[in-house]
Amino acid sequence: MNIPQDLKYTKEHEWIRVEGNRVTVGITDYAQDQLGDIVFVELPAVGDEVESGDGFAVLESVKAAADVYAPVSGTVVEVNEDLEDDPALVNTDPYGQGWLAVFELAEGEDLSELMTAEEYQQFLAEQE
Amino acid sequence: MEDLKKTPLYQEHLELNGKMVDFGGWALPVQYSGILEEVEAVRKRAGIFDVSHMGEIMVRGEGAMDWLNSMVTNDVTRLADGQVMYALMCYPDGGVVDDLLIYRFSGREFLLVVNAANTDKDWQWLNEHKGEGVELENISAQVAQLAVQGPLAQKVIQGLTDENLDAIRFFCFARDVKVAGVNCLISRTGYTGEDGFELYCAPAEAGKLWRELLAAGRADGLLPCGLGARDTLRFEAGLPLYGHEISRDISPLEGGLGFFVKFKKADYLGKEALLAQKEGGLKRRLVGLTMVDKGVPRAQYPVLDAEGNQVGFVTSGSFSPTVNANVANALVDSAYTEAGTALWVEVRKRRLEARVTKLPFYKREAKK
């Protein structure tokens, strides 16, 4: 299972790339494997304000719809429009071209709860 | 996963990295390599499925045929030896107990193949209504079932048997056929909308049959396929799933299965109610929906008219890889069943536009 070192992770199997007060969010390799072939992605609108824990996107696999919960509070500043035509990017390149959205962090947002790659690996091992 | 019932092929699924799920109390693979890939294999080449969870009930005796005919909607007296018939078992009010396949061994011996989740209920129902000169036996635990489906299914199986498979026509079967040395009942039936066969054998030999078929099909691109592909394939092909298109509360006429409900035959459970439904005009019917707006319709989502009034609900919905569209079956008020009619599906509080579409979404070109 691919778990890049330079990213942060959540128990909901999302990854977060932190760049200043902006974060890029996607789902992990483990999550895409669990969901199976993604056939449709419903993304938020740019400008949407999201609270940590809110569903901000929906990934539809052939068989089911899965909510993706916001790992942080903030404002959506960019969404991955390529997923509209090619939702399978979430499966084939979850940490790269399969990114979902970029958030501008809300004032005073605390990222210390997020897991490191090692912690996420440990978390996955406990899930098995 | 420990408490679940396991088919004789459980170990095979683990070795093939099947993603195991709880399917009505059975541990079965929802997929191996991926649903899209597996669906494509069956449409273009071939796929193999473990359907050993299905229930099998033998009906024997002098009274077998007439009694069976009194229990189901289709006309069992029209079956010849070696033929298979699709039928529905109904409650007196026209609701469905189960849908099933009936194999006629002889005029006094029939095999019923029923849905796994309904086997206990069916067994009880049949026994409660058992007639004179009829013996029932639940042989579900003594039977394993594999399905090999797809345009190359016959070629793959033919390589492992001396039986001439061309001689087994659509919805016919042969018994005591050796496939890879395993004694099988083999029928040209399936739940995918493709040509293909279902093979019944002893549980102890199922592993050998499975491995030999997989090996024989490898060169032709046969893939092991899970429940996800099976459901997608049957849905694309317009085949009903109990609990979705038909149920305790959805009659076979409403579910679009009128062809399998005969009225010019002896009385059977549900006949009066179904006839009244037909003569009174159906209040709701099954239609196909093709999404115009982007989004995936799912079972139970409300279906709305232009004003936002609920006029029905989705019974099955999915992205269809074969037609490359988001589509659904929906049970709607009969006023909205004409092809082309605009309807809306409520997807997570958003109203997405759809068009009524003729069913099935997918039909293969030629039948054997």
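I started with one residue pair: A147(B) sits opposite E198(B), which belongs to strand 13 of chain B. I keep in mind that this is a predicted model.

Next I looked up the strands around that pair. Strand 10 (residues 144-149) of chain B and strand 13 (residues 196-201) of chain B run antiparallel, and six bridges join them.

Then I stepped back to the sheet. I found an open sheet of six strands in chain B, ordered 11-12-13-10-4-14, and its pairing is mixed. Strand 11 (173-179) and strand 14 (223-224) of chain B are at the edges with a single partner strand each, so one side of each has no neighbour in the sheet.

My next entry is on domains. For chain B, the assignment lists domain 1 (5-51 + 143-236), domain 2 (55-139) and domain 3 (283-368). I noted 24 Å between the C-alpha centres of domain 1 and domain 2 of chain B. Where these two meet, nine residues of domain 1 of chain B contact nine residues of domain 2 of chain B.

Last, I checked how the chains touch. Which chains give 13 and nine residues to the contact? Chain B gives 13 residues and chain A gives nine. Helix 2 (35-44), helix 7 (227-236) and strand 17 (310-320) of chain B each provide at least two residues of the chain B side. By class, I wrote down four nonpolar, seven polar and two charged residues for that side of chain B.

Technical notes. Residues are numbered from 1 along each chain as its sequence is written. Chains are lettered from A and ligands numbered from 1 in the order in which they are written. This is a predicted model: local features need pLDDT of at least 70, side-chain atom pairs count only at pLDDT 80 or more; totals for chains, interfaces and linings use all residues. Domain bounds come from an automatic or database domain assignment. Two residues are in contact if their C-beta atoms, placed from the backbone, lie within 7 Å. Two strands pair if DSSP finds at least two bridges between them. Helices (H or I, at least four residues) and strands (E, at least two) are DSSP runs, numbered from the N terminus. Ala, Val, Leu, Ile, Met, Phe, Trp, Tyr, Cys and Pro count as nonpolar, Asp, Glu, Lys and Arg as charged, and the others, Gly among them, as polar.
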